[in-house]
Amino acid sequence: MKHFSYLIPLLTFLFSFSNCIQNIAECPVDTLTLKTECESQKKETENKETNLLGIAALAMSSSGQLSGKALEFYNILESYRRNGSYTLSNGTTLTFLNASQCSGSTSQHRALNIAAQKHNDNMVRFNFFSHTGLDGSTPTTRVKAEGLDVGAGENIAAGVSSAEGTFEQWWNSSGHRSNMENCNYTHVGIGYTARDGINANASYSHYWTNVFATIR
């Protein structure tokens, strides 16, 4: 955490400055120039605040340790792959194709968790939804950037707030389900991001990323 200690005073200053801006009267309307300059300054301040909040969220979410909804999803996925089925809270049981299952458990992996979370956060921060990053990155190159020289499969989803709902959403999509049922994958990384605190203007309230890899 000491690597990110600089964020605390920086965010404290930003919030103070932001509150000051918000307490100023409405931008003047006596001249177009003054109004334009004022609104431009306020917009610049808002953009800086959004970017810094995003950096802070990324720093805290990229430790590689799952918690909250990401951990909840991992437990659902691991149970599904190990048992060949998972029963939703409404009583519906979702099963593997051909009633098969994966032998043993599917381990989460720190580097995969980080790759998944970073991509997830970037989709929120820059308001896009794609397996290809704005820098041209792919699931495999993002995993390799975290120090793993392996190929990767990836599921992304947006809009559903719950881990169970997202699992069902992917289960109902053949390509995403195939990744979740691919027993050749030995490890998985989970990313979950709510747009609040990163980019309130993102198209969806909730974003999810799963990264799958075979690590021997």
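The model is predicted, so local features are reported only at a pLDDT of at least 70 and side-chain atom pairs only at pLDDT 80 or more, whereas totals for chains, interfaces and linings use all residues. Residues are numbered from 1 along each chain as its sequence is written, and side-chain values use heavy atoms, with hydrogens and water left out. The protein chain contains seven helices and six strands, where helices (H or I, at least four residues) and strands (E, at least two) are DSSP runs numbered from the N terminus. Along the sequence these elements follow the pattern α-α-α-β-β-β-α-α-β-α-α-β-β.

**Confidence and overall packing**

- The average pLDDT, which is the predictor's confidence in each residue on a scale from 0 to 100, is 81 for the protein chain, and 71% of the residues score at least 70.
- Of the 216 residues in the protein chain, 42% are buried; buried means under 20% relative accessible area, exposed means over 50%, and partly exposed lies in between, with a 1.4 Å probe and protein chains only.
- Among contacts between residues at least 6 apart in sequence, 70% join residues at least 24 apart.

**The sheet**

- Four strands form an open sheet with mixed pairing, in the order β3-β5-β6-β4; two strands count as paired if DSSP finds at least two bridges between them.
- Because β3 and β4 stand at the edges with a single partner strand each, one side of each is left without a neighbour in the sheet.
- β3 and β5 are paired in the parallel sense over two bridges, and S107 stands opposite H187 in β5.
- β5 and β6 are paired in the antiparallel sense over eight bridges, with G191 opposite T209 in β6.
- β4 and β6 are also antiparallel, over six bridges, and N155 has N210 in β6 as its bridge partner.
- In β6, eight of its eight residues are buried: H206, W208, N210 and F212 point one way, while Y207, T209, V211 and A213 point the other way.

**Nonpolar cores**

- The largest nonpolar core has 24 residues, and those with the most contacts inside it are F73, F167, M180, I190 and W208; such a core is a set of buried Ala, Val, Leu, Ile, Met, Phe, Trp, Tyr and Cys residues joined through side-chain atoms within 4.5 Å.
- At least two residues of this core come from each of α3 (68-83), α6 (163-171), β5 and β6 (206-213), and α3 gives the most, with six residues.
- Not counting residues up to four places away in sequence, F73 touches A163, T166, F167, W170, M180, I190, W208 and N210.
- Apart from this core lies another, of ten residues, among them A111, L112, L148 and I215.

- V160 lies in the loop between β4 (153-158) and α6, and because its relative accessibility is 25%, V160 counts as partly exposed.
- The C-alpha atoms of V160 and H206 are separated by 6.1 Å, although the two residues are 46 apart along the chain.
- Leaving aside neighbours within four places in sequence, V160 is in contact with G165, T166, Q169, H206 and W208.
- The 16 residues of α4 (residues 110-125) should span 22 Å at 1.5 Å a residue, and the end C-alpha atoms are 22 Å apart, which agrees; the expected span is 1.5 Å times one less than the number of residues.
- α4 is mostly covered, with 13 of its 16 residues buried, and just after α4, N127 takes a positive phi of about 50 degrees.

**The disulfide**

- The structure holds one disulfide, defined as a pair of cysteine sulfur atoms within 2.5 Å, and C102 and C183 form it with their sulfur atoms 2.1 Å apart.
- This pair links distant parts of the chain, 81 residues apart, with C102 in the loop between β2 (93-95) and β3 (107-108) and C183 in the loop between α7 (174-180) and β5 (187-194).
- The link of C102 and C183 is left-handed, with -90 degrees about the S-S bond.
- C102 counts as buried because its relative accessibility is 4%, whereas C183, at 36%, counts as partly exposed.

Key: Contact = heavy atoms within 4.5 Å.
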